[in-house]
Amino acid sequence: MVYEYKTKGTCARKITLELDGKTIKHVEFEGGCNGNLKGISKLVQGMDMDFVIERFAGNTCNGKNTSCPDQLAKALQAAYEADQINAGN
């Protein structure tokens, strides 16, 4: 499943995810700190989304109440919920 998430409150504008069930296959950020976000994307590849959500949710950046990792956690949760809704149809 491929899912696009429009971020809120970060330099990155969009996160594109590819999931296989709860396993993260691919993450791509649009905008933001290129090197750091490429590193995060490679780091989480193959990981269980629940683990990543637990680790990244609530992280902040430069006095903002969110960050790119926090937005990734929100994107993963939204993607999972969308998949569950689609599975019910």
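Over how many bridges do strand β2 (residues 12–20) and β3 pair in the antiparallel sense? The legends below begin with that pairing. The model is predicted, so local features need pLDDT of at least 70 and side-chain atom pairs count only at pLDDT 80 or more, whereas totals for chains, interfaces and linings use all residues. Residues are numbered from 1 along each chain as its sequence is written, and side-chain values use heavy atoms, without hydrogens and water.

**View 1. The open sheet has three strands in the order β1-β2-β3.** Strands are DSSP runs (E, at least two residues) and helices are DSSP runs (H or I, at least four), numbered from the N terminus. Two strands pair if DSSP finds at least two bridges between them; β2 and β3 pair over eight bridges, in the antiparallel sense. Leu19 has Ile24 in β3 as its bridge partner.

**View 2. Helix α2 (residues 49–56) packs against helix α3 (residues 68–87).** Contact means heavy atoms within 4.5 Å. In α2, Met49, Val52, Ile53 and Phe56 meet residues of α3, including Leu72, Ala73 and Tyr80.

**View 3. The largest pocket is lined by residues including His26, Phe29, Asn34 and Lys38.** On a 1 Å grid over the protein atoms alone, a pocket is an open set of points where a 1.4 Å probe fits, with protein on both sides within 12 Å along at least five of seven lines; lining residues have an atom within 4 Å of a point. Both β3 (23–31) and α1 (34–44) supply at least two residues of this lining.

Technical notes
Axes are lines fitted to C-alpha atoms, for helices over the stretch in contact, and angles run from 0 to 180 degrees between N-to-C directions.
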